[in-house]
Amino acid sequence: PITAHDGKVFQMRNIIGSFNPSAGNRIILTAHWDSRPWADQDTKRPNEPFDAANDGAASSAMLLEAARVMAEADVKTGVDIILFDLEDYGKSEIENSYCYGSQYWARNKHIPGYQARFGILLDMAAATNPTFTKEGTSMQYASDVVELVWKTANDAGYGRYFLQDESPGIIDDHFYINKLAGIRCIDIVHFDFNSPSHFWKHWHTHEDTMDKIDKVSLKSVGQVLMEVVFRHG
């Protein structure tokens, strides 16, 4: 059980699946599988839950497909897929009120003494024409991993999505993986140059629906992940 910032108690569940659990050379692929209980950025129905197709569901779906691909290809690298719970239950003005699942895991790893070479977090990564910038927290803790992933994306022909621009750091699951678990982790997250929040324009609104999910984006990000695992794992 986890007591949130507002005193509510939740039976939180992180979901973890491992390939080659005995391998010492490990990579983390992660996302959050929960959704925010209210669409606080929506102007018409801010107190109602929303679909969260891109902000949670699509990233989890990509990692499930990655698991299928890795199983069929008999991946040799140790890979841990972690879907965190209660990432999106928080308030920006309250410190550490987001990312309860990753905070818990970082302090209570599923294997005592667990370590990984690096991790990659997906968040809001499946909309049409996504723009992924070199996010500040990722650059602070794991700039070499950012450069590896961005070069892989560019070599695969996806430089139009994986931009060379840098953007301010954010608090997301990767922050706690870096700070508390001591594992270098980056965030592939949609940065919108034109929205006030700088997140995807439908962030935390009722417009975050399945029709906004783009199969080209799913393929692009998924391919980059798999090339990183199979070529650099």
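## I120 and its strand

I120 stands opposite I186 in β9. This is a predicted model, where local features need pLDDT of at least 70, side-chain atom pairs count only at pLDDT 80 or more, and totals for chains, interfaces and linings use all residues. Residues are numbered from 1 along each chain as its sequence is written, and side-chain values use heavy atoms, leaving out hydrogens and water.

β6 and β9 pair in the parallel sense over five bridges. Strands pair if DSSP finds at least two bridges between them. Helices (H or I, at least four residues) and strands (E, at least two) are DSSP runs, numbered from the N terminus.

## The sheet

Five strands form an open sheet with mixed pairing, in the order β3-β5-β4-β6-β9. Its edge strands are β3 (15-19) and β9, and each pairs on one side only.

## Helices across the sheet

α1 lies across β3, β4, β5 and β6 and runs at about 145 degrees to β4. α3 lies across β6 and β9, at about 65 degrees to β9. Angles run from 0 to 180 degrees between N-to-C directions, with axes fitted to C-alpha atoms, for helices over the stretch in contact (heavy atoms within 4.5 Å).

## The cores

The largest nonpolar core has 40 residues. Such a core joins buried Ala, Val, Leu, Ile, Met, Phe, Trp, Tyr and Cys residues through side-chain atoms within 4.5 Å. Buried means under 20% relative accessible area (1.4 Å probe, protein chains only). I120 and V149 are among the residues with the most contacts inside this core. A second, separate core of 12 residues includes W105 and Y114.

V149 touches I120, F162, I186, I188, V224 and V228, not counting residues up to four places away in sequence.

Key
Buried means under 20% relative accessible area, exposed over 50%, partly exposed in between (1.4 Å probe, protein chains only).
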